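Here is a quick walk through some backbone details worth checking before you set anything up. Have a look at the sequence and structure first.

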Amino acid sequence: MSNKQRPSGKKPRVSLAVIPEPEPDTRSVLVYTGEGTVVMRGDGNLTIECGNCKAPLVVGLNTSQLQNLVLKCPQCGEFNETLD
Ligand SMILES: [Zn+2]
């Protein structure tokens, strides 16, 4: 058997970079306190996950839609920086 690619039905995922807690008023920090771990949801298929605990933070949006945002992970409390 040759090297097989996994089926393309798998959804793409990206992990964010974990950063120290930003100074107040220096960054746009999104803190989500509702149920579950997903902070924002769109209609795409990309999953953006916490760089520390891999909890899904944003589902269905591209990183380019989240420029210069800091997402606080509701699961582990780490701050994740979005990159484009
Ligand atoms: Zn986390």
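## Lys-54: a positive phi in a loop

Lys-54 sits in the loop that links β5 (47-49) to β6 (56-59). This is a predicted model, and in it Lys-54 takes a positive phi of about 70°, even though it isn't a glycine. For context, most residues other than glycine have a negative phi.

Is Lys-54 buried or partly exposed? Lys-54 has 15 other C-beta atoms within 10 Å, so it is partly exposed: being buried would take 20 or more, and being exposed 12 or fewer.

## Asn-68: another positive phi

Asn-68 is also a residue other than glycine with a positive phi, in this case near 60°. Its place is in the loop between β6 and β7 (69-72).

How many C-beta neighbours does Asn-68 have inside 10 Å? The count is 10, so Asn-68 goes down as exposed, given that the cut-off for exposed is 12 or fewer.

## The sheet

Now for the strands. Four of them make up an open sheet, running in the order β1-β5-β6-β4 with mixed pairing. At the edges are β1 (13-15) and β4 (40-41), each of which pairs on one side only.

In general, strands of a sheet pair through backbone hydrogen bonds, either parallel or antiparallel. Which way do β4 and β6 run? They're parallel, and 2 bridges join them.

Terms used:
Residues numbered from 1 in each chain as written. Predicted model: local features only at pLDDT ≥ 70, side-chain atom pairs only at ≥ 80, totals over all residues. Helix = DSSP H or I, 4+ residues; strand = E, 2+ residues; numbered from the N terminus. Pairing = 2+ DSSP bridges.
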